[in-house]
Amino acid sequence: MKKTAIITGASRGIGKACALKLATCFDCIAINSFTHTDALEQTRHEIENMGKECIAVPGDISDSDFVCQFMATVVNSFPNIDLLVNNAGISYVGLLTDLSFEQWHQIVDTNLSSVFYCCHEIIPHMLKRKNGHIINISSIWGISGASCEVAYSATKGGVNAFTKALAKELAPSNIQVNALACGAIDTQMNSCFTKEEMNQFCEELPAGRLGTPEEIAEAVQNLYLSPSYLTGEIIKIDGGYL
């Protein structure tokens, strides 16, 4: 049977790198993005040029109605869902008191609620086969917290707890749930920082540099290929920072 992987937030950065990497070992790839639809289409073309099937569905992953439609589209096209990568995420850098209620809800819904929505819709299909993998892209700030990124840190801490709890719930059904807690990765999410600020931060990293989206994608593939007994883990990939 053809194997399918779903990746949210796959128009660029970590999500795109994961989609391209997973296309080397999956037959079908389903991708999503909200704000960068042209880049999403470009990712789809690149995957199809690799000889793999791909559907790209633009839309807001923080909207439960959209997620239901997105997952229904994927299942109707590629019924054998083997891997879900919850990658979509946004951040806010600034003081908590400057964060509006609307911005708080947007971050929570995009980073945390979307993980629940996607899992809620896909898990029943995995349960039927008693097989599946869920990998959540988290952050080391969900472990240690980051000043001026309180909302982001809170949502990633929630993703980590969600991962551990869901792994226990699904282990009897041979469905593995793990998370990658990423450190500083060279993506557009860091574009709010100046080059000088990023250089200063890199000096604090034992590895002396930012990670790359391709390194995270390789970790996702390796985690997918790992023994089924590995579940419920929050695996740091941060250049030795924590």
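Reply: The largest cavity holds about 30 Å³ of space. A cavity here is a set of points, on a 1 Å grid over the protein atoms alone, where a 1.4 Å probe fits but cannot get out; its lining residues have an atom within 4 Å of a point. Grid points are joined across faces, edges and corners, and the volume is the space filled by probe spheres set on the points. The structure is a predicted model, in which local features need pLDDT of at least 70 and side-chain atom pairs count only at pLDDT 80 or more, whereas totals for chains, interfaces and linings use all residues. Residues are numbered from 1 along each chain as its sequence is written, and side-chain values use heavy atoms, with hydrogens and water left out.

The structure contains 1 cavity of 30 Å³ or more. Its lining consists of His-133, Ile-134, Ile-135, Gln-176, Asn-178, Leu-223, Tyr-224 and Ser-226. Strand 5 (132-139), strand 6 and helix 8 each contribute at least two of the lining residues, and strand 5 gives the largest share, with 3. Helices (H or I, at least four residues) and strands (E, at least two) are DSSP runs numbered from the N terminus. By residue class, the lining has 4 nonpolar, 4 polar and no charged members. In this scheme Ala, Val, Leu, Ile, Met, Phe, Trp, Tyr, Cys and Pro are nonpolar, Asp, Glu, Lys and Arg are charged, and the others, Gly among them, are polar.

Helix 1 (residues 13-22) is largely enclosed by the rest of the structure, because 7 of its 10 residues are buried: Gly-13, Ile-14, Gly-15, Ala-17, Cys-18, Ala-19 and Leu-22. Buried means under 20% relative accessible area, exposed over 50%, and partly exposed in between (1.4 Å probe, protein chains only).

Cys-18 has a relative accessible area of 0%. Its sulfur is 8.3 Å from the closest cysteine sulfur, that of Cys-182, too far for a bond. Cys-25 is partly exposed at 24%, and its sulfur lies 11 Å from the closest one, in Cys-18, again too far for a bond. The structure accordingly has 0 disulfides, a disulfide being a pair of cysteine sulfur atoms within 2.5 Å.

Helix 1 is linked to helix 2 by side chains as well. Glu-46 and Lys-16 form a salt bridge (2.8 Å, N to O). Glu-46 lies in helix 2 and Lys-16 in helix 1, so the pair ties together parts that are 30 residues apart in sequence. Glu-46 is partly exposed at 24%. A salt bridge is a side-chain nitrogen of Lys or Arg within 4 Å of a carboxyl oxygen of Asp or Glu, and the structure holds 6 of them.

Within helix 2, Arg-44 pairs with Glu-41 (2.6 Å, N to O); these two residues are 3 apart, about one turn of the helix. Arg-44 also pairs with Glu-48 (3.0 Å, N to O), 4 residues away and likewise about one helical turn. Arg-44 counts as buried at 18% relative accessibility, while Glu-41 at 29% and Glu-48 at 32% are partly exposed.

Definitions and conventions. On a 1 Å grid over the protein atoms alone, a cavity is a set of points where a 1.4 Å probe fits but cannot get out, and a pocket is an open set with protein on both sides within 12 Å along at least five of seven lines; lining residues have an atom within 4 Å of a point.
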